2 protein chains.
Amino acid sequence: KKLVLSLDALRTIDPAEPVQRFVQSIVEARGDFNGRVLSLRHDDLKALCTLVGGDIPTGVAQLRSWGVLIDGP
Amino acid sequence: KKLVLSLDALRTIDPAEPVQRFVQSIVEARGDFNGRVLSLRHDDLKALCTLVGGDIPTGVAQLRSWGVLIDGP
Ligand SMILES: Nc1nc2c(ncn2[C@@H]2O[C@@H]3COP(=O)(O)O[C@H]4[C@@H](O)[C@H](n5cnc6c(=O)[nH]c(N)nc65)O[C@@H]4COP(=O)(O)O[C@H]3[C@H]2O)c(=O)[nH]1
Ligand SMILES: Nc1nc2c(ncn2[C@@H]2O[C@@H]3COP(=O)(O)O[C@H]4[C@@H](O)[C@H](n5cnc6c(=O)[nH]c(N)nc65)O[C@@H]4COP(=O)(O)O[C@H]3[C@H]2O)c(=O)[nH]1
Ligand SMILES: Nc1nc2c(ncn2[C@@H]2O[C@@H]3COP(=O)(O)O[C@H]4[C@@H](O)[C@H](n5cnc6c(=O)[nH]c(N)nc65)O[C@@H]4COP(=O)(O)O[C@H]3[C@H]2O)c(=O)[nH]1
Ligand SMILES: Nc1nc2c(ncn2[C@@H]2O[C@@H]3COP(=O)(O)O[C@H]4[C@@H](O)[C@H](n5cnc6c(=O)[nH]c(N)nc65)O[C@@H]4COP(=O)(O)O[C@H]3[C@H]2O)c(=O)[nH]1
């Protein structure tokens, strides 16, 4: 299953600032300025959850509760 | 520098058939049917050159001579 983030939801969540910065670095590396969604590599899940402050199940639950995960593991 | 292949050139090169098959597997994994270009991960370079039958410098030279490498290392 793909890891797809809603950039619209993400920018409204102040506590998700570390995730916003991670996402911004990928957006710039790609030059992908669609601004609505960002699909990430499956390998990025661990880094993402660390930025949210927990293990993978905790991080995924947090991203879902924020409405940031459109599609995920 | 990005590894970008010309799919238009690639489909005219019969001896590049192993490369065509590798490219097709990525096209299908992504659902990317633009049919004109395909950018690959830098990590794919080694696999690609192995399919062309040599080390990295040899493989890159071969892909360039076929006109398949639009942009490369
Ligand atoms: N549709 C699709 N295309 C793919 C995929 N993997 C590679 N590509 C294509 O191949 C180019 C080079 O990938 P790279 O050498 O890994 O170099 C990448 C990589 O180092 C980094 N990057 C981009 N997106 C991600 C990501 O989601 N996660 C991580 N960890 N790094 C990323 O930024 C560099 C430049 O990215 P791009 O400009 O997008 O340029 C990418 C993209 O055009 C894939 O799974 N799906
Ligand atoms: N800009 C952007 N859009 C996203 C992203 N994630 C999902 N989408 C949107 O959702 C569809 C599926 O994206 P995908 O899984 O990356 O699957 C994509 C991707 O694998 C590939 N693709 C399309 N355009 C490019 C491109 O410019 N470079 C690379 N490397 N791959 C592309 O073709 C597939 C189908 O693309 P589409 O029909 O255009 O449709 C895309 C696009 O409308 C994202 O991170 N960035
Ligand atoms: N070796 C190799 N494998 C490839 C390549 N393109 C796609 N794949 C494989 O196909 C899966 C789905 O790719 P996608 O639909 O483009 O879906 C991708 C794409 O939407 C996005 N993505 C990942 N890396 C990049 C990147 O470097 N650039 C861009 N633009 N998008 C990326 O994240 C999604 C999930 O990525 P993964 O979990 O890694 O899952 C990827 C990866 O396992 C490639 O050029 N080389
Ligand atoms: N995961 C994902 N990422 C997306 C998608 N659409 C765009 N992107 C990201 O946004 C960058 C700019 O896309 P673009 O303006 O459509 O302009 C693109 C596109 O027109 C073309 N291009 C280059 N490589 C590919 C490829 O492998 N597939 C496709 N479909 N187009 C490519 O060259 C330009 C630069 O491509 P990239 O270096 O790949 O850089 C792409 C890619 O990193 C998408 O549907 N899914």
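Trainee: How far is an oxygen atom of ligand 4 from an N or O atom in the side chain of Lys2(B)?

Mentor: Since this is a predicted model, the distances are those of the prediction. A pair of N or O atoms is taken as a polar contact within 3.5 Å. For the side chain of Lys2(B) and an oxygen atom of ligand 4, the distance is 2.5 Å.

Trainee: What share of the area of ligand 4 does the protein bury?

Mentor: Ligand 4 lies between chains A and B, and the residues around it include Gly31(A), Asp32(A), Asn34(B) and Val37(B). Taken alone, ligand 4 exposes 750 Å², and the share of this that the protein buries is 43%.

Trainee: Which strand gives the most to the shell around ligand 4?

Mentor: By class, that shell has five charged, three polar and two nonpolar residues. The element that gives the most, with three residues, is strand S2 (residues 37-40) of chain B.

Trainee: How many charged residues are in the lining of the largest pocket?

Mentor: The largest pocket holds about 930 Å³ of space, and among the residues nearest its centre are Arg30(A), Arg41(A), Arg30(B) and Arg41(B). Its lining has six nonpolar and four polar residues, while the charged ones number nine.

Methods
Residues are numbered from 1 along each chain as its sequence is written. Chains are lettered from A and ligands numbered from 1 in the order in which they are written. This is a predicted model: local features need pLDDT of at least 70, side-chain atom pairs count only at pLDDT 80 or more; totals for chains, interfaces and linings use all residues. Side-chain values use heavy atoms; hydrogens and water are left out. A residue is near a molecule or strand if one of its heavy atoms lies within 4 Å of it. A polar contact is a pair of N or O atoms within 3.5 Å; within protein, one must be able to donate a hydrogen and the other to accept it, and residues adjacent in sequence count only if both atoms are side-chain atoms. Accessible areas come from the Shrake-Rupley method with a 1.4 Å probe; for residues, only the protein chains shown count as cover. Helices (H or I, at least four residues) and strands (E, at least two) are DSSP runs, numbered from the N terminus. Ala, Val, Leu, Ile, Met, Phe, Trp, Tyr, Cys and Pro count as nonpolar, Asp, Glu, Lys and Arg as charged, and the others, Gly among them, as polar. On a 1 Å grid over the protein atoms alone, a cavity is a set of points where a 1.4 Å probe fits but cannot get out, and a pocket is an open set with protein on both sides within 12 Å along at least five of seven lines; lining residues have an atom within 4 Å of a point. Grid points are joined across faces, edges and corners, and a volume is the space filled by probe spheres set on the points.
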